[in-house]
Amino acid sequence: MTLQKMFRTYEQMCLDKLKEIGRSSVAEWSMAMGYRSSNGLIKVIKRIQKTMPEKLIIYYDRKPRLYEVL
């Protein structure tokens, strides 16, 4: 029996962490991922919106936005 490795991208790891902590802002999500700056995940969030928009719910058009995983 062989074990099959499952490779996950950083975006998938970020979505898993957001699912774990629940609905939160960018600052809370960044701190949970280990960033010191509240803007640490901005580029990652933009990539998630571009490649997997069906997995991320964004509440409010203005700051503070809240993010949640489907």
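Where is the place of Tyr60? Tyr60 sits in the loop between E1 and E2. The structure is a predicted model, in which local features need pLDDT of at least 70, side-chain atom pairs count only at pLDDT 80 or more, and totals for chains, interfaces and linings use all residues. Residues are numbered from 1 along each chain as its sequence is written, and side-chain values use heavy atoms, with hydrogens and water left out.

Confidence is given as pLDDT (the predictor's value for each residue, from 0 to 100). The mean pLDDT of the protein is 87, with 90% of its residues at 70 or more. Helices (H or I, at least four residues) and strands (E, at least two) are DSSP runs, numbered from the N terminus.

**The hairpin**

E1 and E2 pair in the antiparallel sense over 4 bridges; pairing requires that DSSP finds at least two bridges between two strands. Ile57 stands opposite Glu68 in E2. In a regular strand the side chains alternate between the two faces of the sheet.

The hairpin has 6 residues between its strands. Tyr60 has a positive phi of about 75° although it is not a glycine. Pro64 also lies in the loop between E1 (56–59) and E2, and a cis peptide bond with omega of about 0° joins Lys63 to Pro64. Most residues other than glycine have a negative phi, and most peptide bonds are trans.

**Accessibility**

Buried means under 20% relative accessible area, exposed over 50%, and partly exposed in between (1.4 Å probe, protein chains only).

| Residue | Relative accessible area | Class |
|---|---|---|
| Glu11 | 13% | buried |
| Tyr60 | 55% | exposed |

**The helix pair**

The axes of H1 (residues 10–21) and H3 (residues 42–51) come within 10 Å and cross at roughly 100°. H1 is therefore roughly perpendicular to H3, a class that covers 65 to 115 degrees (under 35 is roughly parallel, over 145 roughly antiparallel, the rest oblique). Axes are lines fitted to C-alpha atoms, for helices over the stretch in contact, with angles from 0 to 180 degrees between N-to-C directions.

Tyr10, Glu11, Cys14 and Leu15 of H1 meet Val44, Arg47 and Ile48 of H3, where contact means heavy atoms within 4.5 Å. Apart from neighbours within four places in sequence, Glu11 is in contact with Val44, Arg47, Ile48 and Met52.
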